[in-house]
Amino acid sequence: MASRFTPLARNAARRFAGARPGLLYPSPTVAAATRTLHDGPSRRNKPGSHSQTDSDIEIPFPPEEELPSDPVRRAGGQYVKPTLQTFSLDKNVGLVTGGARGLGLVIAQGMVYSGADVALVDMNSSFADLSTEEEAEKQTKCLVESFMRENPDAERVPKVTAHFSDVSDPVSVDACIAEVIEQHGKIDHLVTSAGFTENYEAVNYPIDRLRKLWAVNVDGTYLFATSVARHLMERKAPGSMVLIGSMSGSIVNVPQPQTPYNVSKAGVRHLAASLAVEWADVSIRVNCLSPGYMMTALPISNKVSNASTGKILNENPELKKKWVSLIPMGKMGDPSDLMGPVIFLLSENSKYVNGIDLKVDGGYTLT
């Protein structure tokens, strides 16, 4: 183990070697110290110098007696929270886009189970039929009833509300945010799960479909993130956001063609990283969560309207076989696999985690 005298020995060795360049047989101490010297030219003031290592910086590991040995102490309170309690979102308010179905609904359920009040936001009737609004209203009741069954002795029951928005329209998004704040008083967390995918060859993909996909997947994510951020900044309050990306933002899926979708999710991934840096000084954390193949009811358009992933794969067993063969864990994910990762990224347990892309893909992107 290096001692506190190591830097002194290195500097002495340098001075000694510099003063006696003809020395043929240096002492063992000097020889050992000079073995680590850089003989190359200095890289100071050269292009790219701020992204290179500096040979003049040498910081030894501190002596053992100077290392902390006492447990970390938490300030205030009569007790220390158990680990599981630090995942609590109790009395916080979360907004989930795409929350009436699919991944968004399951994520919202995890937030409610963790004690958060939740606003489910989904497409309004201008994008979908009235059944979408009816479904959202139904799910708010189901989430509360499910929470009460799981927590019959709960002192507080989370509040869950349904809201509707054209996620690609700034006016509609701001109106939705205002409505949520009116009903809940504030927003602490955001999860952007609204999105869809389509499988067509790029040369055959209509430009109007591409623009709609981009409007929902990218514009919608950006508009909700910035609108919630403005609210947090006005309150001078910390917050956390999870932008739902996809492993498709990092790799190219096979065998199905889906270039526009892949590009949109790559945009979401880098949007999270960029906003994380931009808002770090106001304590707004932004992370990306990228699911792999999930058995979900997310609408997939491939000459099939509003079909679930499970239904499509049941009708195309060879496609399912291909997908699963590329997953090291040998199976597709369940939407509930996203509950824990999202709660982690929203909770105080990740208060120093910012700008990451957390992949939940069974190892798909590793191979």
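## Close-up views of a predicted model

**View 1. A seven-stranded open sheet with parallel pairing.** Seven strands line up as S3-S2-S1-S4-S6-S7-S9 in an open sheet, and their pairing is parallel. Two strands count as paired if DSSP finds at least two bridges between them. Helices (H or I, at least four residues) and strands (E, at least two) are DSSP runs, numbered from the N terminus. The edges belong to S3 (160-164) and S9 (357-360); each has a single partner strand, so one side of each has no neighbour in the sheet. Direction ignored, neighbouring strands here are turned by 20° against each other on average. Please keep in mind that this is a predicted model: local features need pLDDT of at least 70, side-chain atom pairs count only at pLDDT 80 or more, and totals for chains, interfaces and linings use all residues. Residues are numbered from 1 along each chain as its sequence is written, and side-chain values use heavy atoms, with hydrogens and water left out.

View 2. S1 covers residues 93-97 and pairs with S2 in the parallel sense over five bridges. Two of the residue pairs to look for are Gly 94 with its bridge partner Val 118 in S2, and Thr 97 with its bridge partner Val 121. Five of the five S1 residues are buried, so the rest of the structure largely encloses this strand. Here buried means under 20% relative accessible area, exposed over 50%, and partly exposed in between (1.4 Å probe, protein chains only). In a regular strand, side chains alternate between the two faces of the sheet. On one side of S1 sit Val 93, Leu 95 and Thr 97, on the other Gly 94 and Val 96, and all are buried.

View 3. Ala 119 has Thr 161 of S3 as its bridge partner. Although S3 stands at an edge of the sheet, four of its five residues are buried, leaving the strand mostly covered.

View 4. A nonpolar core is a set of buried Ala, Val, Leu, Ile, Met, Phe, Trp, Tyr and Cys residues joined through side-chain atoms within 4.5 Å. The largest such core has 34 residues, of which Leu 95, Phe 224, Met 241, Trp 279 and Val 286 touch the most other members. At least two residues each come from S2 (117-122), H5 (170-184), H6 (207-235), S6 (239-244), H7 (259-279) and S7 (284-291). H6 gives the most, with eight residues. Leaving aside residues up to four places away in sequence, Phe 224 touches Leu 95, Thr 97, Val 121, Ser 165, Val 167, Val 173, Cys 176, Ile 177, Leu 190 and Thr 192; contact means heavy atoms within 4.5 Å. A second, separate core holds 27 residues, including Ala 108, Val 144, Val 191 and Val 353.

**View 5. Helix H7 packed on the sheet.** H7 touches S6, S7 and S9, and its direction makes about 160° with that of S7. Axes are lines fitted to C-alpha atoms, for helices over the stretch in contact, and angles run from 0 to 180 degrees between N-to-C directions. In the loop between S6 and H7 you will find Pro 255.

View 6. How far apart are the end C-alpha atoms of H6? They are 40 Å apart, which agrees with the 42 Å that 29 residues should span at 1.5 Å a residue; the expected span is 1.5 Å times one less than the number of residues. H6 bends by about 35° at Ala 215, where the bend is the angle between axes fitted to the seven residues ending there and the seven starting there.

View 7. Most residues other than glycine have a negative phi. Ser 283, in the loop between H7 and S7, has a positive phi near 60°. Lys 236 counts as exposed at 77% relative accessibility, whereas Ser 283 is partly exposed at 43%. The two residues are 47 apart along the chain, and their C-alpha atoms are separated by 8.9 Å.
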